[in-house]
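Me: I'd like to go through the aromatic contacts in this one. Have a look at the model and then I'll start asking.

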Amino acid sequence: MEPLLTIIVPVYKIKEEYLRQSIESMLNQNSEEYRIILVDDGSPDNCGQICDEYASKNKIIQVIHQQNSGVSAARNSGILQAKTPWITFVDPDDWIEPDTVSTILDAIKGDAKSADIIMFDYSREFENGGIVESLNIGSGFCDEELLKACRHAPFFKLIQNGKVNPYSLRAIWNKVYKRELIINNKILFIPGARRGEDLLFNADAFNCAKKVFYINRLFYHYRCYSESTTNKFDADIVSLTKIEIEELQRQIKKHNLPDSVINSLNCRICTRLYSCMRLYFFHENNPLPKKEKIAEVKRLVESEPFASAIKKANSEYLSLQERIFIFCLRKKLYNLCFLLVKVRDKKFSMKLK
């Protein structure tokens, strides 16, 4: 039978045990109507050889070896190489349930046949256990209200029934995309966007999609261990944040989105400032003295688009910590911002243990 689904996996400098667990979980499926594309993005370790090892034993696996170009370029290579009508993504340090492919294919052949995007549940995996995140509704097509919320969520948060739902509309690994939607609308990952590349992809995809189907089943396990790249020192995060903001502003214009989304983006800009402080300015690996760190933060906060976003951000859906952080920015209480980041990091590191 012709395959219906391709799983695209960007591979770069992953622990061997994680990569093997991920690939084996994708192979351990009770279906043959799918393919796996492993994109070795010039990994300097044994990752490329491990990919070739599995491909030599499993005809459903294709390996692409390319010069290191970043995760966005790696995923784009997979999209352009895929031939199936549906595509999905798995990160190389995560894993999926054994019935993932068969259940998705059943939906594609049945109730979800006319969908543009399919979503499902996942678990955030910490070293001491997992936390399942779900839409908490029955399987089926999203109604107009939820579809609107899904289109707006990549710009800040998912608001479902008047409340914040932590279910991720930014991530790509809990979704399946009709390849026709991606190709016809020229939706690809932005190579220069090394952070937030998935939410930029989804901001475009969901605003192009007409129908979104949801499967109320846990399929995906997202690893949130301390060595995750989302928690590492990043000296480029300020420039990457600016790329992300500019692209989200472009998406708002492209899809003629309402003022409520512009306000959501203002809130997101403020939270991205928090990430800049956590992963660069106030990170323990930043060698600058505290006084110089605070001076750099002040310069960034007073520049655009950050200064305007701080003034305009207004959302009842901000958490207490986010409200306190924005208050500190408005009052120029940068030493207090420093303490907020340090307290948050301590709590987070305890959660990871």
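Me: Which ring does Arg223 lie over?
Reply: In this predicted model, Arg223 is over the face of Tyr18, 3.7 Å from the ring centre.

Me: And what about Arg75, where does its charged end sit?
Reply: Over the ring of Phe189, at 5.5 Å from the ring's centre.

Me: Switching to ring pairs. How many aromatic pairs are there?
Reply: The structure has 16 aromatic pairs. One of them is Trp173 with Tyr222: the planes are at 20 degrees and the centres 4.6 Å apart, so this pair is stacked.

Me: Where do Trp173 and Tyr222 sit in the chain?
Reply: Trp173 is in the loop between β10 (163–165) and β11 (175–178), and Tyr222 is in strand β12 (residues 212–223).

Me: Buried or exposed, Trp173?
Reply: Trp173 is buried, at 5% relative accessibility. Tyr222 is buried too, at 13%.

Me: What about Phe282 and Phe338, what sort of pair do they form?
Reply: Edge-to-face, with 80 degrees between the planes and 5.0 Å from centre to centre. Phe282 is in the loop between α9 (259–281) and α10 (290–301), while Phe338 belongs to helix α13 (residues 334–352), so the pair ties together parts 56 residues apart in sequence.

Me: Are those two buried or exposed?
Reply: Phe282 is buried, with a relative accessible area of 0%. Phe338 also counts as buried, at 15%.

Me: Back to Trp173. Which residues form an aromatic cluster with Trp173?
Reply: Tyr122, Tyr167, Tyr214, Tyr220 and Tyr222 form one aromatic cluster with Trp173.

Terms used:
Residues numbered from 1 in each chain as written. Predicted model: local features only at pLDDT ≥ 70, side-chain atom pairs only at ≥ 80, totals over all residues. Heavy atoms only, no water. Phe/Tyr/Trp six-rings, centres within 6.5 Å; stacked < 30°, edge-to-face > 60°. Helix = DSSP H or I, 4+ residues; strand = E, 2+ residues; numbered from the N terminus. Buried < 20%, exposed > 50% of the residue type's maximum accessible area, 1.4 Å probe, protein only. Lys NZ or Arg CZ within 6 Å of the ring centre and 35° of its normal.
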